[in-house]
Amino acid sequence: MNLRFPIHLALAALALAVATITPTVAADTPDPAADAKAFRDYFATKFPNVKLEDFANGPYAMDEDMRRQWEEKEQFAPYEFSLDMGKEMFAKPFKNGKSYADCFPNQGIGIRQNYPYFDAKEGKVITLELALNLCREANGEPPFSYVGDEMAALTAYMAFTSRDKLFNIEIPDDPRALEAYQNGKRYFYTRRGQLNFSCATCHVQNPGERLRAEILAPALGILNAMPIYRSEWGGMGTISRRLTTCNSQIRAVPLEPQADEYRDLEYYLSYVSNGLPISGPGSRP
Amino acid sequence: MTTTLDGFAATRRLILKGAGAIALRGLGVISVSVTPVFAAANDKYPEDAFRQKGAADAIQLLYGRTAEASDKVKLDAPEIAENGAVVPISVSTTLTEVTSIAFLTSENPNALAAVYRIPPGTMPSVANRLKMAKTSDVIVIVEAGGKLYSATKEVKVTVGGCGG
Amino acid sequence: MASTIRVRAISSGETTEVQVLIQHPMDSGFVKDAKGEIIPPHFIQQLTFEHDGRNVFIADWGAAVSKDPYVKFSFKGGNKGDDLKMSWVDNKGETDNTTAKIQ
Amino acid sequence: MNMTSHVVRLFSLGLVLMSATSAPAATSEADFSTAYAAAEAADKEAGRLRNQWTVTAEALADAKKAADKGDFDRAVASAKEAEALAKASIVQATSEKEAWKNLEIR
């Protein structure tokens with residue numbers, strides 16, 4: 001008896017949330033190219049003074065006072081140590097004599113913009129973080145934690161060698177690739193956690209606004225800056241770290257790093273940011 | 001815009017009036033002839049000054065005198081710190097014979113954050129990054145020609161640099 | 001082990017601009033760890049820069065300097081290829097030093 | 001944003017009301033076991049839907065802690081709170097199966 005009331009309230013809240021949003025009928029056949037255009041147009045309209053490529057600089061593109069603090073930090077960026085560590089790790093051979101360079105096209109240099117990609121053989125999306133651990137395992141090395149400093153350092157170095165290259169995510173003519181894309185999109189817009197937030201609630205509807213003390217980054221270009229040194233963390237974070245902590249913040253239990261949903265989400269978000277430059281590693285508040 | 005309160009000897013508190021008007025008052029009576037404790041020639045770490053809670057006490061221990069606000073001291077700090085853990089703050093001045101520059105934040109557990117000695121031939125201009133526990137005045141002191149000059153600016157902090 | 005000190009010292013002919021970033025926790029002694037225990041203070045207290053046999057800059061730092069501290073200053077003189085020596089010591093007596101070439 | 005905060009407020013209101021009213025008289029270990037099992041089952045279902053809430057896990061942990069101390073009133077109250085939260089997360093996951101499309105930029 002006691003419990004019915006709050007549950008009803010929660011239900012009512014959900015119903016209300018659903019009912020008051022302008023209903024639109026979503027087409028059931030995904031059209032990634034049209035999605036990407038609509039996505040870019042939305043942000044271009046919302047922030048008419050921000051240049052397209054500047055969205056890769058996140059909240060710093062939207063606030064002058066913050067931008068100045070960032071430019072000052074970039075004079076000698078806090079990710080510098082991670083970058084050096086990544087460079088060193090990348091060059092160091094595995095016990096079997098091979099190295100990361102052997103696992104990647106172009107020896108792993110300047111290729112960040114092509115990740116994630118859909119692997120037809122595996123039938124799934126391969127992110128850069130996953131590819132790095134697959135490389136390690138194929139060479140008899142234990143995988144790194146997806147949320148740890150080593151993975152951040154390696155991806156920082158690989159992003160750095162790819163700076164200013166434009167995201168170039170391909171969706172091959174394969175229904176499974178399209179399904180992964182659609183799955184990522186669904187994850188992006190799905191409300192979750194006790195706060196009933198989706199990724200879009202913060203990063204589409206309210207970028208540039210302050211949520212508590214943070215200025216929310218726009219979803220467009222949000223992965224271009226990864227990995228990031230966050231002052232709040234006092235250290236580096238991978239894409240996996242960012243996604244899992246986003247979930248915790250809205251009181252949703254994070255999935256395991258590199259779960260299908262997260263990889264598909266990365267696929268979707270990177271695809272709709274096609275044409276924007278890699279700016280990582282980045283620094284953020 | 002300078003206010004000095006020389007008769008106000010009974011209090012050890014730092015008195016700040018607005019952003020420009022500033023009166024820094026130390027312990028008891030101050031003799032103008034006190035030699036600065038702090039000079040570029042002396043490289044001893046000023047441990048006691050760093051232990052003081054308030055800005056006035058720290059300045060008193062460091063220099064043995066008070067500062068006057070000067071528009072020749074240019075303090076550059078953000079309006080709102082993006083994160084209190086890393087607040088970029090820099091200072092430059094057109095004053096000559098600068099021997100040291102000190103940075104203080106009035107609301108930190110210990111006010112004094114950093115002191116830089118400027119030997120002859122080094123420019124009176126420093127940029128650094130400081131932690132701020134909460135919204136507070138940032139005070140910069142420039143020691144030039146044996147006198148102290150200051151500039152103050154409030155920096156809003158929404159995420160403190162001292163918490164977890 | 002890699003040096004904790006990263007330096008950029010660039011000569012413009014008349015002056016040399018020095019930027020330094022140091023890897024150091026700069027624990028203030030006011031922060032608690034995940035278990036709720038105070039992390040003891042651990043911070044760099046003094047950083048000195050020497051060029052041509054004399055100190056060109058001395059930084060005295062308290063616990064309020066940010067983690068992985070940064071400082072920028074300039075001095076008159078300094079030619080491309082000159083040595084710039086720097087060293088730091090923290091409150092636990094740990095120390096590191098490096099010598100950079102002015103560019 | 002207004003819509004969202006509204007929803008959040010309603011959710012929180014629900015929880016406040018719940019904790020204020022759910023304080024039944026003497027409860028036993030058996031009551032706790034039943035309530036806890038129900039909450040765990042609901043949270044597991046939310047897990048199958050890939051939509052668990054952190055607050056559910058917190059309430060479950062709180063229930064267990066109280067039961068370990070022999071405080072079954074509190075243990076049952078926390079377990080019921082956990083169940084309510086888990087059920088709300090299931091409702092959310094179910095309605096979002098279609099509702100997500102309403103947020104899409106197109």
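Trainee: Among contacts in chain B between residues at least 6 apart in sequence, what percentage join residues at least 24 apart?

Mentor: Two residues are in contact if their C-beta atoms, placed from the backbone, lie within 7 Å. In chain B, 69% of the contacts between residues at least 6 apart in sequence join residues at least 24 apart. Please note that this is a predicted model, in which local features need pLDDT of at least 70 and side-chain atom pairs count only at pLDDT 80 or more, while totals for chains, interfaces and linings use all residues. Residues are numbered from 1 along each chain as its sequence is written, and chains are lettered from A and ligands numbered from 1 in the order in which they are written.

Trainee: How many helices and strands does chain B have?

Mentor: Helices (H or I, at least four residues) and strands (E, at least two) are DSSP runs, numbered from the N terminus. Chain B has 2 helices and 11 strands. Their order from the N terminus is β-β-α-α-β-β-β-β-β-β-β-β-β.

Trainee: What percentage of chain B counts as buried?

Mentor: A residue is buried if 20 or more other C-beta atoms lie within 10 Å of its own, exposed if 12 or fewer, and partly exposed in between; these C-beta atoms are placed from the backbone. By that rule, 48% of the 164 residues of chain B are buried.

Trainee: Which residues of helix 3 of chain A are buried?

Mentor: An α-helix has 3.6 residues a turn, so residues three or four places apart point the same way. In helix 3 (residues 64-74) of chain A, the buried residues are Met66(A), Gln69(A), Trp70(A), Glu72(A) and Lys73(A). They lie on the same side of helix 3 of chain A, because they cover an arc of only 160 degrees around the axis; the arc is that of the directions from the helix axis to the C-beta atoms. Exposed Glu64(A) and Glu71(A) sit on the face turned away from that buried side. The cover over the buried residues includes strand 4 (214-215) and strand 7 (282-284) of chain A, together with strand 6 (87-93) of chain B.

Trainee: Against what do the buried residues of helix 9 of chain A pack?

Mentor: The buried residues of helix 9 (residues 239-249) of chain A are Ile239(A), Ser240(A), Arg241(A), Arg242(A), Leu243(A), Thr244(A) and Asn247(A). They pack against helix 5 (128-138), strand 6 (235-237) and helix 10 (260-272) of chain A.

Trainee: At what angle do helix 7 and helix 10 of chain A cross?

Mentor: Axes are lines fitted to C-alpha atoms, for helices over the stretch in contact, and angles run from 0 to 180 degrees between N-to-C directions. Angles under 35 degrees count as roughly parallel, over 145 as roughly antiparallel, 65 to 115 as roughly perpendicular and the rest as oblique. The axes of helix 7 (residues 175-189) and helix 10 of chain A come within 7 Å and cross at roughly 95 degrees. Helix 7 of chain A is therefore roughly perpendicular to helix 10 of chain A. Their contact comprises 9 nonpolar, 2 polar and 3 charged residues. Here Ala, Val, Leu, Ile, Met, Phe, Trp, Tyr, Cys and Pro count as nonpolar, Asp, Glu, Lys and Arg as charged, and the others, Gly among them, as polar.

Trainee: How do helix 2 and helix 3 of chain D cross?

Mentor: The axes of helix 2 (residues 29-48) and helix 3 (residues 54-68) of chain D come within 11 Å and cross at roughly 160 degrees. These two helices of chain D are therefore roughly antiparallel to each other. Phe32(D), Tyr36(D), Ala39(D), Glu40(D) and Asp43(D) of helix 2 meet Thr56(D), Leu60(D), Ala63(D) and Ala67(D) of helix 3.

Trainee: Which backbone angles deserve attention?

Mentor: Most residues other than glycine have a negative phi, and most peptide bonds are trans. The bond from Tyr115(A) to Pro116(A) is cis, with omega near 0 degrees, and Pro116(A) lies in the loop between helix 4 (80-91) and strand 1 (117-119) of chain A. The bond from Met226(A) to Pro227(A) is also cis, with omega near -5 degrees. Met26(C) has a positive phi near 50 degrees and counts as buried, because it has 23 C-beta neighbours inside 10 Å. Asp68(C) likewise has a positive phi near 50 degrees, in the loop between strand 4 (54-61) and strand 5 (70-76) of chain C.
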